[in-house]
Amino acid sequence: MIVKPLPAVMATPVSVRFSSFALAACLLAAPFGMVHAQASAPAAPVVAAIPPDPGQPRNFEAERKAISDSRAWTNYRFATAERECYSKFLVNSCIEKAKDEQRAELHVLRAKELEVGDAERAFKGAQRDREQAIRRAQYEAGQPGRAANEQASREAFDRKQQEQALRDARVNADAPQRAANAQAYSKKQDDFNARVKEAQQKGADEARQRQENVKAYQQKQADAAQRQKDLDERRAQAEEKQKQGQKGSTPSPFGF
């Protein structure tokens, strides 16, 4: 974003304007030495202790925006000075002087920009180192508890393995008895099945015998009925013959 100067500033001579900007650039670059020294300081060796809190960060975005605005303002002022130089007698000398002042200011702004980047990286690195140290300390602090849990888990696993081995041993020890019981049960079941089959066969034979007895009884009854019928017929025939014989031998009292 280009910041337009005020009319009063535009009317100021080029040398005065550049001198005032040089002062502002010096003020912007004031913390450069201290921060650069802090950023270029050798990193502390990694130790078990947690690094100190780096505190609140600088407003790096605001500083970059200020540098960007200053760079745009420098370029704008150089363009204005260059146009003014064409109205002077020593045009080239005036333009070269304006360029020198522009390069000096841009160099200061570039150095400030590099310092901001170094400071931001140093701050983020300090934050990262502190967070890693905190996580490492937390991990190391929890190591005894994890070791105890792992030991308890191993002991529980070993105990379960032993219990399973005991159960397997009891099962293997009872195998002969279970086999004998299974054999006895099989024999008992076979005997029961044989008795059931025998009872079924006996029942079938008895049922067949009953049917034969019923048939024999029915046949006997039919034979008896037939004999009775034959006897009744012969008796009836005898009686009929007897009646006819009596009629032929006895005279009628009426003479006919």
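Glu105 is buried, at 5% relative accessible area, where buried means under 20%, exposed over 50% and partly exposed in between, with a 1.4 Å probe and protein chains only. Its partner is Arg77, and the closest N and O atoms of this salt bridge are 3.3 Å apart; the term requires a side-chain nitrogen of Lys or Arg within 4 Å of a carboxyl oxygen of Asp or Glu. Arg77 is likewise buried, with a relative accessible area of 3%, and the pair links helix α4, which holds Arg77, to helix α5, which holds Glu105, across 28 residues. This is a predicted model, in which local features need pLDDT of at least 70 and side-chain atom pairs count only at pLDDT 80 or more, while totals for chains, interfaces and linings use all residues. Residues are numbered from 1 along each chain as its sequence is written, and side-chain values use heavy atoms, with hydrogens and water left out.

A salt bridge also joins Glu113 and Arg71, at 3.2 Å from N to O, and this pair connects α5 with α4 across 42 residues. Here Glu113 is partly exposed at 28% relative accessibility, and Arg71 is partly exposed at 24%.

The largest nonpolar core has six residues, among them Phe60, Leu109 and Phe123; such a core is a set of buried Ala, Val, Leu, Ile, Met, Phe, Trp, Tyr and Cys residues joined through side-chain atoms within 4.5 Å. Two or more of its residues come from each of α4 (60–85) and α5 (91–173), helices being DSSP runs of H or I with at least four residues and strands runs of E with at least two, numbered from the N terminus.
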